[in-house]
Amino acid sequence: MPLIRETIVITASREGRAHIAPIGLISDRDDWIIAPFRPSTTLDNLAAVPFATANHTDDVRVFAGCLTGRYMWPTMAAKEVPVPRLADALSHVELAVIDVRDDPQRPRLHCRVVRSISHAPFQGFNRAQAAVLEAAILVSRLHMLPREKIERELAYLHIAVEKTGGPREIEAWTWLAEKVNAHFAGAQPADVAKANKA
Ligand SMILES: Cc1cc2nc3c(=O)[nH]c(=O)nc-3n(C[C@H](O)[C@H](O)[C@H](O)COP(=O)(O)O)c2cc1C
């Protein structure tokens, strides 16, 4: 399996409306592959405007926020591509789509890096940030994963958030937990309580 880097991808519609989504970029030598599952606004935008920025951030609220309808993250113009970048990214790359492998489920858009730039230092690893990322992925798959698996994995991930998280990680976790609760809202009270604890 190739390396996958979890990023915030920003694309734009033909009308210039920016769209922000957490996407795992697949490494391919010096290039990156964006592989959106259909249906996807990111995919539609890249068909219309074949450029993106991939933003690297340690503010995991951006990941959790996008998964829970919070898209208010400040952006600013990129230099070499006609789509914005995250204003607070630690670094970002500007990407141009150079090849598309179509697929009914998950097309692969091969991208070349046209600019790569650092803005702020990497601050070191934090387990709560990794846990929030994993929880965000679970939330993006709520509709297709068994409930028991989601609850078991969230319970484990929550330990790292409680032990090592700061205010940003805790806020991100709260948003994700609320979404899980809402998803299971129609279920039996005992199970909802369990998801709450997770
Ligand atoms: C860390 C992380 C990585 C993700 N990677 C992908 C991905 O590679 N492809 C994808 O389609 N969705 C991915 N998702 C889910 C999308 O962010 C989510 O489904 C989003 O709504 C994309 O759809 P959109 O382009 O319509 O906004 C990821 C989510 C997270 C939290």
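The views below show a predicted model.

**View 1. The largest pocket and its lining.** The largest pocket holds about 910 Å³ of space. Its lining consists of 30 residues, and Pro22, Ile23, Gly24, Phe37 and Ser140 lie nearest the centre. β2 provides the largest share of this lining, 7 residues. At least two lining residues come from each of β1 (4-12), β2, α1, α2 (61-67) and α3. By class, the lining of the largest pocket comprises 19 nonpolar, 7 polar and 4 charged residues.

**View 2. The ligand in the largest pocket.** The ligand sits in the largest pocket. Two or more residues of the shell around the ligand are given by each of β2 (18-28), α1 (41-48) and α3 (127-140). With 5 residues, β2 gives the most to this shell. Of the 17 residues around the ligand, those that come nearest are His19, Pro22, Phe37, Thr41 and Thr42. The shell has 9 nonpolar, 6 polar and 2 charged residues.

View 3. A polar backbone atom of Gly24 lies 3.0 Å from a nitrogen atom of the ligand. For Ala35, a polar backbone atom is 3.1 Å from a nitrogen atom of the ligand. Ser40 places a polar side-chain atom 3.0 Å from an oxygen atom of the ligand. On its own the ligand has 630 Å² of accessible area, of which the protein covers 81%.

**View 4. The second largest pocket.** About 540 Å³ of space lies in the second largest pocket. Among its 18 lining residues, Glu6, Thr57, Asp58, Phe122 and Leu133 lie nearest the centre. β1 and α3 each supply at least two residues of this lining.

Notes
Residues are numbered from 1 along each chain as its sequence is written. This is a predicted model: local features need pLDDT of at least 70, side-chain atom pairs count only at pLDDT 80 or more; totals for chains, interfaces and linings use all residues. Side-chain values use heavy atoms; hydrogens and water are left out. A residue is near a molecule or strand if one of its heavy atoms lies within 4 Å of it. A polar contact is a pair of N or O atoms within 3.5 Å; within protein, one must be able to donate a hydrogen and the other to accept it, and residues adjacent in sequence count only if both atoms are side-chain atoms. Accessible areas come from the Shrake-Rupley method with a 1.4 Å probe; for residues, only the protein chains shown count as cover. On a 1 Å grid over the protein atoms alone, a cavity is a set of points where a 1.4 Å probe fits but cannot get out, and a pocket is an open set with protein on both sides within 12 Å along at least five of seven lines; lining residues have an atom within 4 Å of a point. A molecule sits in a cavity or pocket if more than half of its atoms lie within 2 Å of its grid points. Helices (H or I, at least four residues) and strands (E, at least two) are DSSP runs, numbered from the N terminus. Ala, Val, Leu, Ile, Met, Phe, Trp, Tyr, Cys and Pro count as nonpolar, Asp, Glu, Lys and Arg as charged, and the others, Gly among them, as polar. Grid points are joined across faces, edges and corners, and a volume is the space filled by probe spheres set on the points.
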